[in-house]
Amino acid sequence: MKISHQLFPDKFKVPENWTSLQTYKLFEKMGLAIFPKAGFPLFLPVGQILINSVNQIIRETAYQAGFSELYLPLVQTPNFIEETGRAEQFNQEFFYTCNNKLILAPTNEEVFVNLASKGINSYRQLPVRVFQIADKFRNIKKPKGIFRSKEFLMCDMISIDLNKEMLNDSAKIFEKIVEEVFQKLEIEAVRVTKHSDHYIEYLVECPEGDIYVSRNPDRYNPSGKHSSSVAMYFLFEQGGPFLSVADGTNRRSYVGTYGFGIQRCIHAIIEQHRDGRGISFPVSVRPFNSSVIIMDKNEPEQNKLAENCYNILLKSNAKPLFDDRADKTLKEKLDLADFYGIPVKIIIGKKEVANSTVTIKWRNGKTEEDSFASNILSTILENLQLKGT
Amino acid sequence: MRFSKSFIYTRRETPKDVKSISHDLTIRAGIAHQICAGHYGILPLGTLVLKKIENIVRQEMNNIGAVEVILPIMQSSSLWQESGRWDIYGEEMFKLVDRQKREFCLGPTHEEMMVQFVKDHAQKTKNFPIILFQFGTKFRDEKRPRGGLLRTREFIMKDAYSFDYTPQGLDESYQKVRAAYIRILSLIGVDAFPIPAITGEMGGRSSEEFLAPSSAGEDHFIVLESGIGKKLENEDYTKYVGEQPVLTGTEICHCFKLSTRYSAKMGLFTNNGKEIFPAEMGCYGMGISRILPIIIEQNHDERGIIWPRSVAPFETIIITVQQDNSKVAEIAEKIYVQLGESALYDDRFERPGVKFRDAELIGIPDRIIVGSKGLDKNIVEYEWRSGGKQEVSLDNFLEIYRKIKEERK
């Protein structure tokens, strides 16, 4: 990504006093999202990259675990959710369309169970495990950045199971998905039982959170630490479609619902990876793996060398950020790269052009010089362990 | 993926009130299911196809240097009042109010929000030309949703927007996106013709729509010798009918040179150092969830869908003739593990006839058939949805299979 070609180069900066900002505010100050209206996020290019990376990790993990993806409409008739008596739980938080009184999906269990009842008629089809990644809408009172928005992205997953054992298996599979996803996203969460073992929440500590948890043992505790939910599941003993079972009778199936808050995951990643210099993003979602910094954009020789480096890195999936801004000092450019957690900076200036070298600076401190730009590739890729990816 | 647990379900009978082939096949092959009038759930097979289309589109848009963003679906009425479209849009717009009784709509399109967004954040900079794009759900409260995924109230679009300093700049950006669209459609395997169109309530200098020939089409057009399409209005019929074939087509993309229609009204100005003037804007819609039924319209036979390889939900379907034969199930399982995620394994305890019929219906390009008779000879059958078959020995199966597959590409 070339900063000079971005529409929002002013968004590429280290926010002032960022260390004192809560993560939900930092997200906006970093230029990851803006809010045309409070509660409705618009994701700028770097924010979009983060969203897509998290979606892709969850998607792949869910597919691996045998879940199929589908896409349910964002609009539904309210009778689905009224029939199950859950409408009251969402009291006042529905968005109704004016002319035909449809609701914007606040959640999707009812719609899916209705859909499943049309497709499943035999116990042999179970378990059915599906997921979707889509927007949800809740007309909440106090939105808070991407942390709590009125329109928000969720991955919701559902299983329809024959009996309790199968339902418990589905729950175990989901627990494994959570474990793998959080491992890849480098999120540390605690698993807490809510009410009973039917309702589990995965919580991360953050000052924005309004759930309180104490550790060892992990449990809800009003005097515990501020936390918020990043994933959850709820097992319904009943609630699935009726189907004929082996002995010829009709029986109601079981339903499990599971979910990740995509925006909450991104919030947790930033919250947990802030260090003294910025956000040390986990490699799985890191928006940029390298930064090419040009000292004087108006020098054709420097430009040529820098373009050359940039193109090599681009082709090698080293996800380069090209810092080719003319109005910024070298220090500002180095600080920006550190802030975004970019592990390696390739610096090109007068000295480098004269000696046919580049200077390589790692975020963890090492500085190296390499004799020819085209050779930097091997060094950088080896150190980034990206070779062949 | 295992068929038995995949939430793929097929139907034998054509549902009532279905007029087009794609509508019939999207329902019968388990691609989509209507949840309420005009609002469809896309089932796993359809979702896999949509994701493949999306990836092709994203790659090509990245290749022309376009930048991806994600805009909210709910938009404030004040934006639309600025452009003057809040009232023009009329009944087709889904409107709603929030807690504070402020009016919103579900975005039928995003010109207003894009202009506002670029205005707020780009005015200080000199970074035109720029092309922004997103994938998102759009809403239009159609009076009569029809044709399955062809005309719905809620649909997935890829919309792109370009911003330039000059009309010449706009022309260049326009050509860039137009060329990308032609490449995308050819990669996906859809025939379509760009045809000069009427800009309608969108406004602007000129526009072109891409019409894809389909029996479900609502527009009539001919293809001129130059390869360019011409849309027929009522009076043209008599002139052309008989002379050359008149095609029916469905709009799948629409590109507009909006020029200063929105930038002037909403105050997106730029300058050349001497004077200030409104930015030149283009917008480019591509109906992702409409391309899906069009692929079906253009790629099917009497037995079902024939997916082009680039967008097929699975490359291969493995069919067991006798699932209850342990040797058959064992070999099929082994092949499934070898092929991985690109394969659908029909592990159902159904009659072979049902399985073959379903495989034809859902249109997976390659079929591997594992049966006890074949196993006695140490072979499986390798068949193609497009016709033809070959026996493959189980010794070195994967190697031979890949070789044949490569040769047939």
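This is a predicted model: local features need pLDDT of at least 70, side-chain atom pairs count only at pLDDT 80 or more; totals for chains, interfaces and linings use all residues.
Residues are numbered from 1 along each chain as its sequence is written, and chains are lettered from A in the order in which they are written.

**Chain B overall**

The secondary structure of chain B comes to 13 helices and 23 strands, where helices (H or I, at least four residues) and strands (E, at least two) are DSSP runs numbered from the N terminus. Its C-alpha trace spans about 85 × 50 × 45 Å along the principal axes. Of the 409 residues of chain B, 59% count as buried; buried means under 20% relative accessible area, exposed over 50%, and partly exposed in between, with a 1.4 Å probe and protein chains only. Among the contacts in chain B with a separation of 6 or more, 68% join residues 24 or more positions apart, contact meaning heavy atoms within 4.5 Å.

Helix H9 (residues 288-298) of chain B has ten of its eleven residues buried, so it is largely enclosed by the rest of the structure; among the buried residues are B:Ile288, B:Arg290, B:Pro293 and B:Glu297.

**Helix packing**

Two packed helices are described by the angle between their axes and the distance between the axes. Here axes are lines fitted to C-alpha atoms, for helices over the stretch in contact, and angles run from 0 to 180 degrees between N-to-C directions.

| Helix pair | Axes come within | Crossing angle |
|---|---|---|
| H10 (residues 326-339) and H13 (residues 397-408) of chain B | 11 Å | roughly 60 degrees |
| H2 (residues 45-64) and H6 (residues 262-272) of chain A | 10 Å | roughly 110 degrees |

In chain A the contact is made by A:Leu50, A:Ile51, A:Val54, A:Asn55 and A:Ile58 of H2(A) with A:Ile262, A:Cys265, A:Ile266 and A:Ile269 of H6(A).

**Nonpolar cores**

A nonpolar core is a set of buried Ala, Val, Leu, Ile, Met, Phe, Trp, Tyr and Cys residues joined through side-chain atoms within 4.5 Å. The largest has 140 residues, and those with the most contacts inside it are A:Met157, A:Phe182, A:Phe260, B:Tyr181 and B:Trp307. A second, separate core of 33 residues includes A:Phe8, B:Cys105, B:Met114 and B:Phe163.

**Local features**

B:His33, in strand E1 (residues 32-36) of chain B, counts as buried at 16% relative accessibility. Leaving aside neighbours within four places in sequence, B:His33 is in contact with residues including A:Leu115, A:Lys118 and B:Tyr9.

The peptide bond from A:Leu126 to A:Pro127 is cis, with omega near 0 degrees, and A:Pro127 sits in the loop between helix H4 (109-119) and strand E6 (128-137) of chain A. The bond from A:Asn216 to A:Pro217 is also cis, with omega near 0 degrees.

A:Asn17, which is not a glycine, has a positive phi of about 50 degrees and counts as exposed at 59% relative accessibility. B:Phe7 has a positive phi near 60 degrees, but B:Phe7 is buried, with a relative accessible area of 5%.

Technical notes. Side-chain values use heavy atoms; hydrogens and water are left out.
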